[in-house]
Amino acid sequence: MTKKKHSKVFLTVAPLYLFTLIFVLGPLLYMIGLSFATNNDSWGVTWKFTLENYKKIFEPVYLQSFAQSFQLAFFSTLLIMLIGYPFGYFMAKLSAKWKKRMMLLIMVPFWTSSLIRMYGWIIILQAKGVFNKLLMALGVIDEPLKILYSYPAVLIGMVYALVPFMMLAVYSSVEKMDWSLVEAARDLGASPMYAFLTVTLKLTLPGLLSGVILTFVPSMGLFFIADILGGNKIVLVGSLIQDQLTRGSNWPFAAALAVLLMVMTSLMMYLYRSITHVKDLEGIF
Amino acid sequence: MEDSILELKGIEKSFGSSEVLNGIDLKIKKGEFITFLGSSGCGKTTTLRIIAGLEMPDKGQVILEGRDVTGLEPHERDVNTVFQNYALFPHMNVEANVGYALKLRRMPKPEIKEKVKKILELVQLSGYEKRMPQELSGGQKQRVAIARALVNNPKVLLLDEPLGALDLQLRRAMQLELKKLQKKLGITFLYITHDQEEAINMSDRIVVMNKGVLEQIGTPDEVYNHPMSSYVATFVGNANIVRGKIVQIQGEEALVEISTGKIKVIIDPNREQIGQEITIAVRAENILVCEECKEALPAVILEKSFSGGQLRMVIGLEDGKEIIASRYGIDSHVQIGQKVCVGWKPADAIIVDREEQNDEKETF
Amino acid sequence: MKNRTKLPNIYLAVIMIIMYLPLVFVVVFSFNESKLTAAWTGFSLKWYQTLWHNEGLREALWNSIVLGVLSCGVSAVIGTIGAIGMARVNYKSKGIVEYISTLPIMIPEIILGMVFLAFFSLLNLPFGMTTLVIAHTTFCIPYIFMMVKARLVGIDKSIAEAARDLGATQVRTFFDITLPLIMPAVMSGCLLAFAMSFDDVVISIFVNGPKLNTLPIKIYTQLKTGVTPEINALCTVILITVIFILFITSALGNRGRRTDKGN
């Protein structure tokens with residue numbers, strides 16, 4: 001009887017187990033294996049153990065690209081935090097009706113192509129674009145600024161693409177917060193600022209951190225934003241991996257880069273969990 | 001017993017390493033209102049779930065009207081349950097909730113409508129057919145849950161603390177109503193509660209459960225006035241438990257020596273003898289407190305509080321053991337710290353734990 | 001505590017306007033006469049006409065829709081049943097499998113893309129719709145799985161037990177009780193997953209194969225080589241469709257609620 005029931009329940013999880021093991025774990029393991037394999041000069045891979053691929057990362061060209069990715073990810077995340085946290089916070093204080101509307105407003109752009117939204121920025125930022133025309137009309141500048149295909153443009157694109165994740169993450173944790181705790185702090189004599197720093201910020205830390213991960217991690221891989229808005233000036237790890245796969249056809253090296261990126265991501269997840277003691281990221285679900 | 005409708009035979013169940021039920025044997029008569037009384041974790045809910053088929057026993061049998069139903073799925077048994085938190089289907093209105101069991105039996109729609117209407121009348125919810133569960137008050141939800149379980153005409157209706165979430169007044173009213181309903185329908189009710197008052201008010205028989213075993217089965221009168229174990233005495237009757245040794249027997253009266261003095265108790269001369277250790281239970285309202293009385297134990301008032309129309313006193317004996325006494329009305333004579341004597345009429349002392357007095361642990 | 005200042009609301013409004021600014025310009029320039037997006041030369045619908053005749057773009061759009069629907073459908077089945085099953089089983093491997101299954105939305109897309117490229121070549125799978133669906137399904141499952149899982153936690157277990165107690169078989173209980181109760185979660189998971197699939201460039205670009213284009217890939221190549229306002233027109237059409245769908249669903253939702261209360 002129990003045996004029979006057992007197998008019945010297994011049938012319900014079997015698809016998930018099978019799919020996950022074959023199409024998620026399998027590829028990941030294969031990639032890790034690949035990162036230790038030797039690349040043939042002409043084509044293909046020889047299954048001979050080597051650490052060459054990892055050593056290669058430390059060549060200045062690649063190190064620089066890693067540094068650049070990190071820097072960009074860092075600054076975009078910082079900006080996203082500064083813009084997204086107040087947004088999520090204020091949004092959580094709206095009336096139920098407006099919360100719903102805001103939610104819809106945030107979700108609609110998600111449904112349009114992110115590429116097209118980037119294209120919208122091209123329209124705005126280009127030399128003869130709206131932004132420059134406006135500034136010139138106002139007399140702020142005499143000559144059009146060259147924002148497009150520069151570092152600031154990439155930064156704008158990154159922040160723009162990823163800030164909704166931060167908004168939603170912060171929103172959901174502020175929303176869950178027990179406001180009476182803040183009131184208690186105020187009652188006990190804390191100034192609004194002090195109460196915010198010691199109570200609100202602490203309680204919404206899981207949301208903030210989960211927002212950081214949800215923006216920092218993808219920003220290392222979103223090569224198309226750097227591609228479209230940055231011209232070819234900024235080479236991110238993402239672009240590097242893509243390049244190695246398509247043009248360089250050095251798969252083991254691309255795999256090594258990917259493994260490194262993944263290790264860093266896992267490290268961040270681990271830190272998040274040990275700091276907040278929360279298992280799942282907040283905001284997206 | 002010819003008319004037993006439900007029979008439990010040697011039911012055992014454990015979850016992991018913790019034994020929840022340890023050999024439950026019980027026969028329930030047709031048309032009976034029987035209550036399982038016990039504190040949380042005593043296994044009463046597990047017993048009910050085993051009867052409903054929501055849980056499988058490790059050992060033992062469930063026999064419904066002479067048929068072994070132990071291995072059957074819940075939908076194959078003729079019993080229905082009223083769940084503790086109502087468990088109404090939130091996406092169905094009252095009519096669909098109540099008619100669900102009939103729909104499953106492929107009853108034609110007009111007939112379902114008719115039956116639902118009748119049963120809702122019975123629980124005084126006529127006109128609520130189209131309401132959604134979340135639009136009902138706690139008491140109304142409870143009625144829907146009862147109607148839903150009754151519509152199928154079950155052999156036995158299982159009720160798992162159905163009134164637990166209601167406030168005191170509503171609970172009292174519902175107790176009476178449930179009892180009336182049961183009499184009217186003649187369906188066997190198996191009721192679970194941890195509230196002794198509820199059990200005494202409603203039941204034909206009470207089953208007191210403790211740590212996975214049945215401590216005592218009997219009418220409310222038997223359980224309340226003649227508890228067999230110290231657990232039943234304390235849980236049902238709010239009794240004090242005192243242990244002592246018989247030092248003298250005169251007819252039915254024995255003198256018992258306890259730690260701080262000697263006191264008289266009525267015994268059964270056929271069962272008790274001089275030198276024997278016994279456990280006696282004395283209910284709080286039978287504890288006498290006086291300033292100077294014979295055959296009493298010196299003590300001091302430690303606490304007094306007033307609740308539910310009763311004055312409750314905690315009285316400390318000389319060895320530090322605490323005795324609870326209660327009175328109706330506010331008795332202003334005794335003061336905290338006052339030295340008094342406590343005692344009881346010999347007839348008010350009930351001997352409990354007769355079989356197992358040696359290995360019994362300290363209850364107080 | 002009532003807000004004494006309007007400042008927060010102004011902040012929300014300003015950010016929201018900036019969020020929509022690029023979209024507004026995309027839409028506006030879809031009606032522009034000129035091919036260039038630098039200056040407004042006059043109102044015209046010609047880009048909608050050329051869009052209608054642009055087979056490459058239409059095909060890419062169709063591919064994206066098929067891809068989204070297929071991967072969402074597969075993920076909805078695997079994810080929903082999986083979440084229900086996971087809530088019941090007590091295997092030791094449960095936690096780790098759950099963790100691995102959510103990896104696709106935790107790790108950078110670029111890694112996923114390259115991993116699939118390598119893995120599918122290893123398996124000798126022909127690159128095309130099949131590989132796209134598999135790849136997209138991996139990152140669609142977590143959205144649906146997590147949504148359903150969270151919803152299941154909120155459902156009282158005794159509700160399903162009550163159905164079985166009243167005479168429903170396990171299968172019947174699933175269709176009568178569990179499924180309707182988790183349906184909102186499945187739906188919102190699917191919507192999110194579809195949006196992600198519909199918008200994905202990074203993963204698709206690795207596994208789409210030489211012949212098959214999805215809409216984002218098509219747009220990406222155009223953005224690198226030179227954009228025509230047909231793209232603006234297409235975006236406008238999509239945007240209007242999305243808003244229309246959202247409007248309909250929220251209207252239906254409101255009406256449903258009103259009928260509940262009305263009776």
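Predicted model: local features only at pLDDT ≥ 70, side-chain atom pairs only at ≥ 80, totals over all residues.
User: How far apart do the C-alpha centres of domain 1 and domain 2 of chain B lie?

Analyst: Chain B is divided into two parts, with domain 1 covering residues 4–230 and domain 2 covering residues 238–352. Taking the C-alpha centres of these two domains of chain B, the distance between them is 39 Å.

User: How many residues of domain 1 of chain B are in contact with domain 2 of chain B, and how many of them are charged?

Analyst: Five residues of domain 1 of chain B are in contact with five residues of domain 2 of chain B.

User: Which element gives the largest share of the side of chain B that touches chain C?

Analyst: The contact takes 20 residues from chain B and 16 residues from chain C. On the chain B side, the elements that give two or more residues are β6 (79–82) and α2 (94–104). The largest share, three residues, comes from α2(B).

User: What span should helix α4 of chain C have, at 1.5 Å a residue?

Analyst: Helix α4 of chain C runs over residues 94–106, which makes 13 residues.

User: Which residues in α4(C) are buried?

Analyst: A residue is buried if 20 or more other C-beta atoms lie within 10 Å of its own. In α4(C), the buried residues are C:Glu98, C:Ser101, C:Thr102, C:Leu103, C:Pro104 and C:Ile105.

Conventions. Residues numbered from 1 in each chain as written. Chains lettered and ligands numbered in written order. Domains from an automatic or database assignment. Contact = placed C-beta atoms within 7 Å. Helix = DSSP H or I, 4+ residues; strand = E, 2+ residues; numbered from the N terminus. Expected span 1.5 Å × (residues − 1). Buried ≥ 20, exposed ≤ 12 C-beta atoms within 10 Å, placed from the backbone.
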